[in-house]
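Take a walk through this structure, one part at a time. Keep the sequence and the 3D view side by side as you read.

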Amino acid sequence: MDKIIDIKGLSKSFGDKKVLQDINLYVRRGEFLTLLGPSGCGKTTLLRMIAGFLQPDEGSILMDGKELAGIPPHERPLNTVFQRYALFPHLDVYDNIAFGLKLKKVPEEEIDKRVRKVLKLVAMSDYEDRDVETLSGGQQQRIAIARAIVNQPKVLLLDEPLAALDLKMRKDMQIELKEMHKKLGITFIYVTHDQEEALTLSDTIAVFNEGRIQQIGTPTDIYNEPVNCFVADFIGESNILKGKMLRDRRVAFIKHEFDCVDEGFGENVKVDVVVRPEDIYFTTDPAKCQFKAKVNTCTFKGVHYEMWVDTDTGYELMIQDYDPYPVGSEVMLYIDPDDIQVMHKERLCNTLYGTVKDAETIELLGADFPLPNTFEAGTEVKVEIPFEAIDLMDNLDDGVIDGEVHFILYMGNHYHLTIKTDDGDFLWVDTNDIWDKGDLVGIQFKADKGIKITKKDE
Amino acid sequence: MKKFFAKLYIWVLLVILYAPLVFIAVFSFTESKVLGSWEGFSPNLYRNLLTGQMQGNASLLAAVKNTLLIAVIAAAVSTLLGTVAAIGIHNMKGRAKKTVSFLNNIPMINPDIITGVSLFLLFVFLHFSQGYTTVILAHITFCTPYVVLSVLPKLQQMNPNIYEAALDLGATPAQALRKVLIPQLKPGMVSGFILAFTMSLDDFAVTFFTRGTIGLDTLSTYIYTDARKGGLTPELRPLMTLIFLVILILLIIINVRQDRLQKQNENR
């Protein structure tokens with residue numbers, strides 16, 4: 001395989017904060033690769049390391065088999081399109097584009113020829129004498145792209161190039177970028193937080209979260225077969241539910257059993273299940289019906305209607321369909337085996353390690369939690385806390401430690417929250433209470449809810 | 001009626017502010033030795049000043065030359081130092097940035113007399129022979145913070161990716177500085193230079209303590225000694241008038257530039 005860029009074991013920290021952890025990723029020559037993830041996930045940091053503005057702490061970035069680390073940015077055969085254009089305000093359009101070529105001492109006539117060619121490519125032919133500050137955002141972005149590709153880089157890095165444009169302009173530019181990529185044959189590495197943009201543009205998407213790559217795949221792979229709840233939730237709309245794999249090709253969720261196409265999970269294994277809202281179908285044929293539900297809300301969304309239904313077993317599901325069903329009506333529903341995506345559970349409970357203080361207290365996460373136990377003081381223990389056994393409190397003083405609601409997942413009949421503690425540790429909590437992202441909470445463990453304490457290494 | 005008093009107030013204020021200047025400008029056109037007596041119109045004082053044939057002390061012209069030379073050198077060097085310092089401060093983070101910015105501000109609030117005396121003691125301690133060099137060094141010392149202060153906002157307004165964009169397009173750090181950063185900072189550097197120049201021009205306290213005993217005089221120290229000898233040299237009157245005019249023109253230039261920059265920013 002023709003890898004133009006090969007990233008191996010890359011890690012980066014800013015102070016105590018690990019921004020990227022053990023990144024392994026390669027880019028094929030001529031590929032359009034998108035680094036996709038929420039803000040602060042490390043995708044821009046990775047791009048800046050490829051460009052040479054940051055040095056990795058560990059690992060290597062190879063380009064055509066050669067190590068890039070230690071090569072300063074101005075000697076790397078790649079160019080960047082920056083988020084806020086970063087055009088030189090004291091130069092006109094022509095001189096902005098010619099900047100790189102002049103530095104390389106390219107002959108005057110050739111500069112002229114190449115500048116005109118890229119101006120034509122970005123449809124800005126008559127603008128060469130214009131002051132860049134008099135251009136609109138979209139036009140500035142075109143000049144920024146022209147300024148980068150005129151140098152004929154092997155790889156073009158794009159850092160959220162369309163984020164500052166309005167929606168209509170963004171859609172147009174997406175199509176143009178895609179065409180440019182085809183025409184030029186240059187490898188594109190594109191950073192965005194916009195999942196729709198990523199699905200539209202990319203040959204390959206790498207989904208980032210918390211400094212790690214969650215999944216690498218084609219847009220259809222990522223959409224249809226997300227590997228975990230984060231990816232399923234981040235890309236498109238989805239119903240994410242707790243389930244149990246009964247045996248090969250048979251899964252139970254929302255207290256019903258369904259045929260599916262997944263195999264090899266084993267028998268009676270707890271899993272997560274993703275069903276896209278457009279994959280739940282209405283039927284009038286009782287023979288096809290797999291479960292019944294009552295329509296709760298129905299909203300027109302332009303192309304389709306978005307409906308929330310309550311199933312006969314007490315779960316809420318989102319359904320998208322071209323036809324509306326009246327609110328309050330009883331409907332019959334089914335799901336194709338193909339459309340059920342079964343995922344391994346990332347974790348079954350919170351696993352923490354700590355030290356026993358006395359018969360009533362265990363030190364965990366740097367604080368003393370009241371947890372009755374039968375171990376001697378000083379014993380190192382493993383504590384397994386079910387998701388339901390964590391209590392979140394409005395009043396921070398009521399909790400043993402504080403944390404912040406970091407990520408929220410609706411699982412049909414409850415919320416699955418990721419809580420980031422003050423010290424940067426993560427806890428996962430199932431709750432029926434409604435919290436918002438960023439809420440500060442006090443954290444307490446419910447000792448009577450099946451918390452398992454064992455000696456460490458047993 | 002209210003409006004009338006408001007206007008009157010402004011006019012009275014302006015008259016009080018500018019009366020001394022007008023007074024000196026008017027009497028620069030008469031040859032009388034004593035200030036205040038009109039002995040008929042004559043441009044002779046201006047001619048004496050320009051040809052160097054003075055009624056009074058001829059070292060006045062030398063003092064003017066010293067003043068200008070010191071101001072130009074001090075302003076140029078502090079513009080260079082201040083710009084580099086501003087870039088450094090801008091790239092610092094968090095606590096270090098705050099601390100250095102704070103340290104930069106202290107010399108500006110510090111009374112001149114203290115700066116002057118402390119520099120004097122420092123030079124004596126280091127066995128520097130005092131003269132031109134020490135005065136210029138001293139002026140650079142108190143001018144640089146003003147340059148830092150006028151360049152920093154330009155850095156803050158600048159798109160942070162511009163420098164990186166230049167590197168990305170193949171510029172070495174030195175080329176990026178020369179071709180991208182300096183052109184962006186030029187307005188701030190020019191304001192800083194003008195500010196430093198005027199600060200140096202009218203300094204008395206620091207110069208007085210650092211000029212040593214070789215008889216180096218700038219305009220301010222010359223006038224001080226001259227006045228103590230009894231009676232100001234008449235040629236000072238046209239000189240003051242000319243300096244005032246130069247400063248006025250510089251001020252107008254700065255204001256026009258700022259207006260223009262502001263309009264540019266609004267057009268963005």
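Helices (H or I, at least four residues) and strands (E, at least two) are DSSP runs, numbered from the N terminus. This is a predicted model, in which local features need pLDDT of at least 70, side-chain atom pairs count only at pLDDT 80 or more, and totals for chains, interfaces and linings use all residues. Residues are numbered from 1 along each chain as its sequence is written, while chains are lettered from A and ligands numbered from 1 in the order in which they are written.

Begin with the helix α2(A). Buried residues in α2(A) include V93(A), N96(A), I97(A) and F99(A). Here a residue is buried if 20 or more other C-beta atoms lie within 10 Å of its own, exposed if 12 or fewer, and partly exposed in between, with C-beta atoms placed from the backbone. G100(A) and L101(A) are also buried in α2(A). What covers them? Among the elements that cover the buried residues of α2(A) are α3 (108–121) and α4 of chain A. After α2(A) comes K105(A), with a positive phi near 60 degrees.

Now turn to where the two chains meet. How many residues does each chain bring to the contact? Chain A gives 17 residues and chain B gives 16 residues. Two residues are in contact if their C-beta atoms, placed from the backbone, lie within 7 Å. On the side of chain A that touches chain B, β6 (78–81) and α2 (93–103) of chain A each supply at least two residues. The most comes from α2(A), with three residues. By class, that side of chain A has eight nonpolar, six polar and three charged residues. Ala, Val, Leu, Ile, Met, Phe, Trp, Tyr, Cys and Pro count as nonpolar, Asp, Glu, Lys and Arg as charged, and the others, Gly among them, as polar.

Look next at the inside. The largest nonpolar core has 102 residues. Such a core is a set of buried Ala, Val, Leu, Ile, Met, Phe, Trp, Tyr and Cys residues joined through C-beta atoms within 7 Å. Those with the most contacts inside the largest core include I50(A), A144(A), L157(A) and A166(B). Helix α4 (residues 137–149) of chain A gives the largest share of this core, six residues. Domain bounds come from an automatic or database domain assignment. Leaving aside neighbours within four places in sequence, I50(A) is in contact with I5(A), I61(A), L157(A) and I189(A). A second, separate core has 27 residues, including I70(B) and V148(B).

I213(A) sits in strand β10 (residues 212–217) of chain A. Is I213(A) buried or exposed? I213(A) counts as buried, because it has 22 C-beta neighbours inside 10 Å. Residues up to four places away in sequence aside, I213(A) touches I23(A), L25(A), A206(A) and F208(A). I213(A) and L36(A) are 177 residues apart in sequence, yet 9.4 Å apart in space, C-alpha to C-alpha.

Step back to the domains. Chain A is divided into domain 1 (3–229), domain 2 (230–344) and domain 3 (350–455). The C-alpha centres of domain 2 and domain 3 of chain A lie 31 Å apart. Ten residues of domain 2 of chain A are in contact with four residues of domain 3 of chain A. On that side of domain 2 of chain A, β11(A) gives the most, with four residues.

Most residues other than glycine have a negative phi. E160(A) has a positive phi of about 40 degrees. E160(A) is placed in the loop between β7 (155–159) and α5 (167–184) of chain A. With 20 C-beta neighbours inside 10 Å, E160(A) counts as buried. N268(A) has a positive phi near 50 degrees. N268(A) lies in the loop between β13 (256–259) and β14 (269–275) of chain A. With 10 C-beta neighbours inside 10 Å, N268(A) counts as exposed.

Finish in chain B, at helix α4 (residues 94–109). Of the 16 residues of α4(B), the number buried is zero, so α4(B) lies largely in the open.

Terms used: The expected span of a helix is 1.5 Å times one less than its number of residues.
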